[in-house]
Amino acid sequence: MLRLGLRSSASSPGSSFTPCGGSTGCSSAPLVLLRALEDVGYVPEDGRSKARAANEVRRRRKIGDLPPVYPNGWYRVLDTCVLKRGQVRNVTVLGEQVAVFRGQDGKAYVLDAYCPHLGANLAVGGRVVGNCIECPFHGWQFAGNDGKCVKIPYAEKGFICPSVPDFVKVRRWPSCEVNGHIMVWFHCDGEDPQWTVPEKRAITQGEWVYRGRSEHFINAHIQEIPENAGDFSHLNHLHTPGIIFKFLQHEWKASWEPQSEPNTHCAKMFLNHSLILFGHRCSLGDIHVVASQVGPGLVFLDFEQILIGRGTIIQCVTPVEPLLQCVTHTIFYQWNVLPLIPKIILAGESVQFERDVMIWNNKKYVSKPLIVKEDSTIQRHRRWFSQFYSENSPRLQYQRDTFDF
Ligand code: FES
Ligand SMILES: [Fe+2]
């Protein structure tokens, strides 16, 4: 295994989690790959710009017979490190504007961003006061833990809780902070969370440290992205090294299984990669990957390799709009493995992922696909994924992109 001889203070076990470092300069600095929507997966014609190609595809593409656009589940809204105590950020998630702020108690809170008084955006110019957010327009204050208005600074008496009536409040989104991500729970009927986001103890305890992240915006329905795990037949076609290295071949063997009670919201994909050199399998190239999907928007890609050790990539898929997904991959790796190794893994994963993005950005959703026997896992995956939709799950509507509870 390629290990470091010394612990550096930035990467030793127990060091604080800081997933936002820069990408250049120092070899141990995390790798950060940020891609705009038009950067990946569009083919400009006749010398046109990528942005124009992206716009044209978005306008002309047939979208197909889509499932509901916002499945019930947990979604990442921000990384822990970008929200310091007393800071507030405006985030678009599931077509809504939310204010994400960190109170003086250190907890992250998520509230609807629009003030019920006259509609100002609490996250744009608002300030954190204690564990509340204060509106920038007239100074009303809302508590992070339940969204209730606790102060109207200019109202005659009645300006401190409990005098403000209970109905004066903004919606609070259930949230949690795990593995360096701030996550929110969405359910179309406002139901409480039905499962918790699992904590990776190797990350919390500092055995695996942050080595980089990528961020992509994808023009597709959310279901297309996790469905990749049930689509084995694309692996040896789309994810091959290309014709330049004919002596070198990748071979993928995959299986996928939904989990049983009480973890029916989870599924696992087992993926074994072999390297074929000049027609012979090279066992040093074996990689074992277990992709654990937890709900519709979170996957842990745990991998192990004899030479380069163990680590995980956390994939988060968050719908920004019905057909716009923000996908992040954050890599954590054994602290004592050369940082270059996880950075190469993340970069390689990104190359492969962008091949999928090209497909997703340009395809239509086919609700009744023509499949052969070998594709049957796609249908099993769809049946499993359908548990995240309920009767009132929002659907794409013409000229209307948001939902109501
Ligand atoms: S709009 Fe928020 S206090 Fe008036
Ligand atoms: Fe893929």
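## Enclosed space

Searching the whole structure turns up one cavity of 30 Å³ or more. The model is a predicted one. The largest cavity holds about 60 Å³ of space.

Its lining residues are Arg-61, Ile-63, Leu-66, Ala-220, His-221, Glu-224, Leu-323, Trp-360, Lys-363, Lys-364 and Tyr-365. Sorted by class, that lining has six nonpolar, one polar and four charged residues.

Why look for such spaces at all? Rolling a water-sized probe over the atoms shows where empty space is left.

## The largest pocket

The largest pocket contains about 1,300 Å³ of space. Its lining is made up of 44 residues, of which Trp-252, Val-289, Gly-348, Glu-349 and Gln-352 are the closest to the centre. Seven elements are listed here: α3 (224–227), β13 (248–258), β14 (266–277), β15 (280–294), β16 (298–305), β17 (309–321) and α5 (340–362) each give two or more residues to the lining.

Which element supplies the largest share of the lining? Helix α5 does, with nine residues. By class, the pocket lining divides into 28 nonpolar, 13 polar and three charged residues.

## The chain as a whole

The chain has 405 residues, and 50% of them count as buried. Its secondary structure consists of six helices and 18 strands.

Take the contacts between residues at least 6 apart in sequence. Of these, 60% join residues at least 24 apart. The chain exposes about 20,000 Å² of surface, and carbon and sulfur atoms supply 54% of that area.

Helix α1 covers residues 50–60, and its buried residues are Ala-53, Ala-54, Glu-56 and Val-57. Viewed down the axis of α1, these residues fall within an arc of 165 degrees, so they line one face of the helix. Helix α5 is among the elements that cover the buried residues of α1. Helix α5 also gives nine residues to the lining of the largest pocket.

In α6, the buried residues are Thr-377, Ile-378, His-381, Arg-382, Trp-384 and Phe-385. They cover an arc of only 160 degrees around the axis, which puts them on the same side of α6.

Ser-367 sits in the loop between α5 and α6 (376–385). Is Ser-367 buried, exposed or partly exposed? Ser-367 is partly exposed, because its relative accessible area is 32%, a value between the 20% and 50% cut-offs.

Leaving out residues up to four places away in sequence, Ser-367 touches Asp-65 and Arg-382. Ser-367 and Asp-65 are 302 residues apart in sequence, yet their C-alpha atoms are 6.0 Å apart in space.

## Gln-141 in strand β8

Gln-141 belongs to strand β8, residues 141–143. Gln-141 counts as buried because its relative accessible area is 8%, under the 20% cut-off.

What does Gln-141 contact, apart from neighbours within four places in sequence? The list is Val-129, Cys-132, Ile-133, Glu-134, Lys-148, Cys-149, Val-150 and Lys-151.

Most residues other than glycine have a negative phi, and most peptide bonds are trans.

Leu-94 is not a glycine, but its phi is positive, at about 50 degrees. Leu-94 lies in the loop between β3 (88–93) and β4 (96–102). With a relative accessible area of 0%, Leu-94 is buried.

Asn-179 also has a positive phi, near 55 degrees, in a residue other than glycine. Its place is in the loop between β10 (175–178) and β11 (181–186). Asn-179 is buried, with a relative accessible area of 8%.

The peptide bond between Glu-261 and Pro-262 is cis, with omega about 0 degrees. Pro-262 is located in the loop between β13 and β14. Strands β13 and β14 are among the elements that give two or more residues to the lining of the largest pocket.

Key. Residues numbered from 1 in each chain as written. Chains lettered and ligands numbered in written order. Predicted model: local features only at pLDDT ≥ 70, side-chain atom pairs only at ≥ 80, totals over all residues. Heavy atoms only, no water. 1 Å grid on protein atoms, 1.4 Å probe; cavity = no way out; pocket = protein on both sides within 12 Å on 5 of 7 lines; lining within 4 Å. Points joined across faces, edges and corners; volume = space filled by probe spheres on them. Helix = DSSP H or I, 4+ residues; strand = E, 2+ residues; numbered from the N terminus. Nonpolar A, V, L, I, M, F, W, Y, C, P; charged D, E, K, R; others polar. Buried < 20%, exposed > 50% of the residue type's maximum accessible area, 1.4 Å probe, protein only. Contact = heavy atoms within 4.5 Å. Areas by Shrake-Rupley, 256 points an atom, 1.4 Å probe, with all protein chains shown as cover. Arc of directions from axis to C-beta.
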